[in-house]
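Dear colleague,

Please read them with the model open beside you.

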Amino acid sequence: MQQERLDAIRPGVRSAGPVRRDRVDEALHRLQWNESPYDFPADLKEEALRRLASLPWSRYPLSGRPWPLIDALAARFRLSPEQVVVSEGSSDLIRVVMAATLQPGDSVVMPTPTFMLYRLNAHLYEGGVVQVPLDATSGFCLPVEALAEAARKHNARLVALCAPNNPTGTRYAEADLRRLAASIPSLLVIDEAYAEFCDQNLTGLLELGNVILLRTFSKFYAMAGARVGYALAAPALAAELQKVVTVFPLSVFSETVALVALEHHERFLAMRDRVVAERERLAAALAQLPGVIVYPSATNFLLVAVNGRKQALLEHLRDRRRVQISDVAAYPELAHCVRISVGTPEQNDLVIQGFTEMFGE
């Protein structure tokens with residue numbers, strides 16, 4: 001057997017950890033990935049399937065980009081189609097942005113803790129990561145001056161953050177984000193995966209010219225399995241990102257479902273409102289328990305600190321209540337925390353029962 005030529009692989013790729021072959025235990029209540037607890041409405045599934053039945057599955061999509069979906073998104077946000085880029089999930093658009101911008105040695109500034117895919121993708125493209133700590137005692141507020149200073153000091157190519165932030169759930173003021181964008185020599189990438197859960201609309205920032213907004217159909221539209229995301233940017237920036245998106249980025253299935261979802265946007269507002277109400281109920285119940293701290297959230301999940309019994313709690317919820325929540329120990333500053341995706345009322349009751357059994361007096 002010839003020697004495996006791993007020296008042909010980029011150093012950033014070789015330094016990343018291996019992809020594990022794992023699978024979610026479907027017997028558990030899945031409250032670890034911030035998915036919608038409610039499925040895509042059954043009648044809208046039927047509508048999407050009806051449209052798909054009339055399409056030829058043997059043919060590629062009619063164009064290299066999903067222009068009808070791009071036009072629909074532009075109309076929703078009152079932007080030009082030239083400002084919209086669509087790909088298979090906002091996670092892929094993180095890759096697209098970094099592939100389009102980073103050269104080996106370029107710096108990416110980001111707060112910590114924040115979504116890990118920013119750090120992972122920066123390393124894959126051999127960029128340097130500069131992390132600016134968030135302060136739990138001040139509510140994980142956005143450190144505008146520290147981020148801007150780091151961007152200037154390291155001549156950063158990108159500043160990347162989530163708003164609202166994952167995994168803390170923190171909402172950032174638009175004025176702070178505008179101030180940050182205006183004070184850095186780089187692009188500001190804002191991941192808005194949870195924007196709909198706090199009625200956030202940051203499209204006014206696009207006028208600054210250096211802001212890229214990333215959004216997804218996974219959370220609000222209950223379409224995590226369909227893999228649809230989009231970026232909003234100034235036309236010149238969007239045109240460059242469009243070059244990096246793979247040809248035919250969406251299947252005819254994904255585009256069709258996304259169009260159906262946009263046409264019935266109000267249906268998903270009602271689903272969102274139920275999630276937000278359950279988030280507040282769950283937060284209030286857990287906050288009453290001794291040794292439990294619930295951080296404010298503008299998303300569909302809660303970050304919860306527990307007093308030294310985290311592993312026992314995770315095992316108790318899994319084994320006794322059949323609930324899987326997220327251990328966020330991969331973030332060193334959150335080693336004492338768990339993240340709970342808001343579920344159905346019945347699932348949230350199981351979480352409350354499990355926490356009460358562990359922490360109730």
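Is arginine 51 buried, partly exposed or exposed? In this model, which is predicted, arginine 51 counts as partly exposed, its relative accessibility being 23%. Its side chain forms a salt bridge with glutamate 47, and the closest N and O atoms of that pair are 2.7 Å apart. Both residues belong to helix 2 (residues 42-53), where, because they are 4 residues apart, they are separated by about one helical turn.

Aspartate 25 lies in the loop between helix 1 (11-14) and strand 1 (29-31), while arginine 322 lies in the loop between helix 11 (310-320) and strand 11 (323-327), so the pair ties together parts that are 297 residues apart in sequence. Aspartate 25 is partly exposed at 38% relative accessibility, and arginine 322 is also partly exposed, at 34%.

Arginine 23 and glutamate 26 form a further salt bridge, with a distance of 3.5 Å from N to O. Here arginine 23 is exposed, with a relative accessible area of 74%, and glutamate 26 likewise counts as exposed, at 62% relative accessibility.

For the structure as a whole, the count comes to 26 salt bridges.

Definitions and conventions:
Residues are numbered from 1 along each chain as its sequence is written. This is a predicted model: local features need pLDDT of at least 70, side-chain atom pairs count only at pLDDT 80 or more; totals for chains, interfaces and linings use all residues. Side-chain values use heavy atoms; hydrogens and water are left out. A salt bridge is a side-chain nitrogen of Lys or Arg within 4 Å of a carboxyl oxygen of Asp or Glu. Buried means under 20% relative accessible area, exposed over 50%, partly exposed in between (1.4 Å probe, protein chains only). Helices (H or I, at least four residues) and strands (E, at least two) are DSSP runs, numbered from the N terminus.
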